[in-house]
Amino acid sequence: MQQTTQQYDRAWLNALPTLALIAPGGWFLASLLFVAGIGYLPGELFWVGGPEGFIMMLTAPFFSATFIHLGRTVARGFPRAGVLITVLGMLGVATLSAIAAFRLFATVFVQHGIEEALIAKAFNADSVLYIPFLVLQLGFFIAFIFGGAMLLRVANVPKWSGLALIAGIPTLITGQFFLYHTALFWPLATALWTVGMLGIRKVD
């Protein structure tokens with residue numbers, strides 16, 4: 001039994017760095033569909049695309065591996081900080097999946113006659129029911145920023161990896177929340193996540 005457990009642990013740890021890249025890499029690929037203008041909705045939902053959401057939805061669960069690997073890497077120098085980063089990131093995985101799912105739902109709703117403006121109004125409404133989403137969303141924001149900052153202090157980790165993860169969050173907010181030059185800042189944010197995680201794929 002112990003040998004089987006050890007084999008599982010070894011296989012999991014060997015696969016983890018690659019699994020950790022699936023979500024950031026998948027979202028980067030999805031963001032390129034926005035740049036290419038493939039499958040996007042008109043009007044106020046110009047930033048929503050069904051093909052993009054399809055890829056995002058399939059890869060979003062792998063953000064769990066992303067935050068586990070990030071936390072484990074930080075834990076080499078700062079164990080408690082590493083655990084906190086993983087916990088905060090895992091809380092945010094729910095909202096990342098929800099954001100991906102919204103793109104699919106919105107696309108189907110429009111295909112079945114619901115106006116884009118009505119969907120956008122509901123999505124942007126002020127409601128206390130959105131509070132859990134906003135709170136959990138802060139989890140992955142903090143996980144990437146705090147995780148990136150801690151990577152700057154961990155031995156044998158490239159500094160650019162930490163800087164990329166830190167820069168990815170304000171870049172994401174600029175492109176996806178403020179919808180400012182989304183075609184530039186959205187793929188840039190996902191590229192920064194991917195580059196940052198590539199930097200810690202193999203750390204001695």
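The model is predicted, so local features are given only at pLDDT of at least 70 and side-chain atom pairs only at pLDDT 80 or more, while totals for chains, interfaces and linings use all residues. Residues are numbered from 1 along each chain as its sequence is written, and side-chain values use heavy atoms, with hydrogens and water left out.

**Overall fold**

The protein has eight helices and zero strands; helices (H or I, at least four residues) and strands (E, at least two) are DSSP runs numbered from the N terminus. The order of elements from the N terminus is α-α-α-α-α-α-α-α. Its radius of gyration is 18 Å, close to the 17 Å that the globule rule gives for 204 residues, so the protein is as compact as a globular protein of that length. The radius is taken over C-alpha atoms, and the rule is 2.2 Å times the number of residues to the power 0.38. Along the principal axes, the C-alpha trace spans about 55 × 40 × 35 Å.

Of the contacts with a separation of 6 or more, 73% join residues 24 or more positions apart; a contact means heavy atoms within 4.5 Å. Buried residues make up 45% of the 204 residues, where buried means under 20% relative accessible area, exposed over 50%, and partly exposed in between (1.4 Å probe, protein chains only).

**Nonpolar core**

The largest nonpolar core has 46 residues. Such a core is a set of buried Ala, Val, Leu, Ile, Met, Phe, Trp, Tyr and Cys residues joined through side-chain atoms within 4.5 Å. Helices H1, H3, H4, H5, H6, H7 and H8 each supply at least two residues, and H4 gives the most, with ten. Among the residues with the most contacts inside the core are Trp27, Phe67 and Phe144. Leaving aside residues up to four places away in sequence, Phe67 touches Thr86, Gly89, Met90, Val93, Leu96, Phe140, Ala143 and Phe144.

In helix H7, Thr171 touches Phe185, Leu188, Ala189 and Leu192, again not counting residues up to four places away.

**Salt bridge**

A search of the whole structure finds one salt bridge, defined as a side-chain nitrogen of Lys or Arg within 4 Å of a carboxyl oxygen of Asp or Glu. Arg103 pairs with Glu52, their closest N and O atoms being 2.5 Å apart. The pair links distant parts of the chain, with Arg103 in H4 and Glu52 in H2, 51 residues apart.

The table lists accessibility for selected residues.

| Residue | Relative accessible area | State |
|---|---|---|
| Glu52 | 0% | buried |
| Ala101 | 13% | buried |
| Arg103 | 0% | buried |
| Ile114 | 35% | partly exposed |
| Thr171 | 11% | buried |

**Surface**

The protein exposes about 10,500 Å², of which carbon and sulfur atoms supply 71%. Accessible areas come from the Shrake-Rupley method with a 1.4 Å probe, and for residues only the protein chains shown count as cover.

Phe105, Val108, Phe109, Ile114 and Leu118 form a nonpolar surface patch with about 450 Å² of accessible area together. Patches are made of residues with over 30% relative accessible area and no salt bridge, with like charges joined within 9 Å and nonpolar side chains (Val, Leu, Ile, Met, Phe, Trp, Tyr) within 5 Å. H4 supplies the largest share of this patch, three residues, while Ile114 sits in the loop between H4 and H5.
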